[in-house]
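User: I would like to go through this model before setting anything up. Could you take me through its strands, its cores and a few individual residues?

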Amino acid sequence: MTLLEAILAEIPAYESYPSMEAMDADTLCLSQTHPARAHVRTLCKSPAGRDMLCLTLSGGTKNALVVGSLSPNEPAGALAAQFLGRYFCEHPDALDTLGTTLHLIKSADPDGTALNESWFNGPLDLFHYVRSCYCPAMDAPIPQVIQDLIEETAPNMVCMPCQPPLTLPGDWHAAARAFLSVQILAVRPLLSDRDPFTAALDARLAAPPVEKGSIAPLLDLGLLLNAVDHAIIRAIGRDAAFLLETLARTDRFLRETCESIEAAGGGMFPSIREQVAARVAEIFHALMA
């Protein structure tokens with residue numbers, strides 16, 4: 001059995017994704033239970049006051065940096081980083097074999113990861129994912145604090161595993177875009193500029209159009225629903241009634257669209273274990289390159 005095969009065989013059958021708080025607790029636990037191998041430091045505080053932690057595992061003269069989730073709606077990478085951190089602590093000879101000191105950051109956007117947690121416990125179907133997903137602009141830059149860490153550690157390898165683009169079958173794309181445009185025009189004045197879902201939606205709509213079949217229009221509809229959810233809390237009178245009507249109409253459209261895509265054979269998610277295994281393999285191959 002190869003080292004990669006041995007590592008993959010240890011990945012459990014996860015039933016859900018861990019919260020940002022749980023992932024941070026796991027990082028701190030490793031530094032306490034394996035003090036000779038694992039060291040943790042806080043790189044910065046997020047805008048909401050969350051720590052961005054970096055777990056360093058001593059293993060050799062080479063340096064490698066892994067950022068599990070650059071985009072906060074891709075928790076499989078963060079969970080892969082968590083799994084590898086624990087695996088290498090419990091199997092120190094494996095990391096020594098690679099001759100590498102490994103720097104692990106589970107999420108480049110702790111606040112964004114926390115905003116996604118409402119879908120982490122499933123069900124992992126298309127509607128539940130896009131309805132609850134927080135997905136910021138697709139061209140978001142690498143945070144400066146991670147760029148600073150790259151300059152400090154001069155890693156031989158940097159790996160930021162990404163979820164492959166999801167192309168969905170069917171002729172729903174144009175209808176979804178048209179529906180979204182009508183709803184945005186009607187409700188945008190009632191949405192809060194301070195709401196993260198509104199800000200993400202504005203940024204995504206300002207980006208160039210995506211190709212037919214991209215999941216992007218569904219994610220935009222999900223952002224709109226979350227922004228309206230938050231606006232309803234503050235609204236009164238006719239504004240509240242109008243937002244509730246928009247919420248019901250958009251939720252129904254999104255649900256029906258997702259059902260039609262799934263009926264055409266699209267939008268099926270691999271198991272969490274399969275997604276984590278793919279990211280672990282990607283990180284491993286980068287370490288071996």
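This is a predicted model: local features need pLDDT of at least 70, side-chain atom pairs count only at pLDDT 80 or more; totals for chains, interfaces and linings use all residues.

User: Let us begin with β1 and β2. In which sense do they pair, and over how many bridges?
Analyst: Strand β1, residues 38-45, pairs with strand β2, residues 51-57, in the antiparallel sense over seven bridges. Within this pairing, Cys44 stands opposite Met52 in β2.

User: What lies between the two strands?
Analyst: Five residues lie between β1 and β2, which form a hairpin. In the turn, Gly49 has a positive phi of about 90°.

User: Is β3 mostly covered or exposed?
Analyst: Strand β3, residues 62-69, is mostly covered, with six of its eight residues buried.

User: Turning to the cores, how many residues does the largest nonpolar one have?
Analyst: The largest nonpolar core has 71 residues. Leu57, Phe88, Leu102, Val130 and Leu218 have the most contacts inside it. Leu57, for example, touches Phe88, Leu95, Leu102 and Leu104, among others, when residues up to four places away in sequence are not counted. There is also a second, separate core of 11 residues, including Met52, Leu65, Ile105 and Val145.

User: What about Ala94, buried or exposed?
Analyst: Ala94, which is found in helix α4, residues 92-98, has a relative accessible area of 4%; the cut-off for buried is under 20%, so Ala94 counts as buried.

User: What is around it?
Analyst: Apart from neighbours within four places in sequence, Ala94 is in contact with Leu3, Tyr87 and Phe88. Ala94 and Ile7 are 87 residues apart in sequence, while their C-alpha atoms are 9.2 Å apart in space.

User: Which residues is Asp251 in contact with, leaving aside its sequence neighbours?
Analyst: With neighbours within four places in sequence left aside, Asp251 is in contact with Phe127, Arg131 and Leu225.

Terms used:
Residues are numbered from 1 along each chain as its sequence is written. Side-chain values use heavy atoms; hydrogens and water are left out. Two strands pair if DSSP finds at least two bridges between them. Contact means heavy atoms within 4.5 Å. A nonpolar core is a set of buried Ala, Val, Leu, Ile, Met, Phe, Trp, Tyr and Cys residues joined through side-chain atoms within 4.5 Å. Buried means under 20% relative accessible area, exposed over 50%, partly exposed in between (1.4 Å probe, protein chains only).
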